[in-house]
Amino acid sequence: MKNSLREKAVSFLQLVASGDVREAYSKYIGPDFRHHNAFFRGDADSLMLAMEENAAKNPHKTLEVKRVIEEGDTVAVHSHVKQTQEDLGTAVVHIFRFHNDLIVELWDVGQPIPENSPNENGVF
């Protein structure tokens with residue numbers, strides 16, 4: 001039985017967070033991949049190199065998935081990403097669009113977790 005799109009999106013993020021960026025790309029990224037991260041060129045290689053650089057700088061990075069939503073060819077993953085163990089982290093939402101079971105488009109938005117927030121519900 002093949003993995004669902006939600007499983008593929010989560011596996012991609014877990015591999016990237018653990019530093020296995022090239023493996024994540026070889027398994028899950030489609031040939032016409034593009035992304036919308038405003039800090040890098042929109043092609044696959046630019047984002048892959050940035051992810052590898054981040055992994056090298058932050059070898060203890062963690063990603064804890066909080067929820068996953070799948071609708072049609074689109075998957076959204078809400079997660080807690082910490083670059084270091086001491087880091088409060090960031091609430092991140094990755095939105096994936098799939099075609100032929102491969103990721104062809106990616107959006108990501110993040111919100112740093114503040115040390116003191118007036119919101120008693122927290123970010124998760």
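A salt bridge, as I use the term in this notebook, is a side-chain nitrogen of Lys or Arg within 4 Å of a carboxyl oxygen of Asp or Glu. With that in hand I looked up Glu 53, which forms a salt bridge with Lys 57 at 3.3 Å between the closest N and O atoms.

**Entry: ground rules**

I am working with a predicted model, where local features need pLDDT of at least 70 and side-chain atom pairs count only at pLDDT 80 or more, while totals for chains, interfaces and linings use all residues. Residues are numbered from 1 along each chain as its sequence is written, and side-chain values use heavy atoms, with hydrogens and water left out.

**Entry: salt bridges**

I stayed with the first pair for a moment. Glu 53 and Lys 57 both lie in helix α3, four residues apart, which is about one turn of the helix. My helices (H or I, at least four residues) and strands (E, at least two) are DSSP runs, numbered from the N terminus. For accessibility, I call a residue buried under 20% relative accessible area, exposed over 50%, and partly exposed in between (1.4 Å probe, protein chains only). Glu 53 counts as partly exposed at 47%, and Lys 57 counts as exposed at 61%.

How many salt bridges does the structure hold? I find eight. One of them joins Glu 52 to Arg 22, with the closest N and O atoms 2.6 Å apart. This pair links distant parts of the chain, since Glu 52 sits in helix α3 (residues 44-57) and Arg 22 in helix α2 (residues 21-28), 30 residues apart. Both ends are partly exposed: Glu 52 has 24% relative accessibility, and Arg 22 has 48%.

Next I looked up Glu 105, whose side chain meets that of Arg 34 in a salt bridge at 3.1 Å, N to O. Here strand β5 (residues 102-112) holds Glu 105 and strand β1 (residues 29-35) holds Arg 34, and the two residues are 71 apart in a link between distant parts of the chain. Is Glu 105 buried or exposed? Its relative accessibility is 5%, so I log Glu 105 as buried. Arg 34 is partly exposed at 43%.

**Entry: the nonpolar core**

I then turned to the nonpolar core, meaning a set of buried Ala, Val, Leu, Ile, Met, Phe, Trp, Tyr and Cys residues joined through side-chain atoms within 4.5 Å. The largest one has 28 residues, and those touching the most other members are Phe 12, Tyr 25, Phe 33, Val 75, Val 77, Phe 96 and Ile 103. At least two core residues come from each of α1, α2, β1, α3, β2 (62-71), β3 (74-82), β4 (90-99) and β5. Which element gives the largest share? That is α1, with eight residues.

I checked Phe 33 for contacts (heavy atoms within 4.5 Å). Beyond its neighbours within four places in sequence, Phe 33 meets several residues, among them Tyr 25, Leu 47, Ile 103 and Leu 106.

Helix α1 (residues 5-17) has 13 residues and reaches 18 Å from first C-alpha to last, close to the 18 Å expected at 1.5 Å a residue. The expected span is 1.5 Å times one less than the number of residues. Ten of the 13 residues are buried, so α1 is largely enclosed by the rest of the structure. Just after α1, Gly 19 takes a positive phi of about 95°.

Not counting residues up to four places away in sequence, Lys 8 touches Asn 3, Tyr 28, Phe 98 and Asp 101. Its side chain also reaches the backbone oxygen of Asp 101 at 3.3 Å. I count that as a polar contact, a pair of N or O atoms within 3.5 Å; within protein, one must be able to donate a hydrogen and the other to accept it, and residues adjacent in sequence count only if both atoms are side-chain atoms.

I followed Asp 101 into the loop between β4 and β5. Its phi is near 65°, a positive value in a residue other than glycine, and Asp 101 is partly exposed at 26%. Asn 100 lies in the loop between β4 and β5 too, with phi near 50°. Asn 100 is exposed, with a relative accessible area of 64%.
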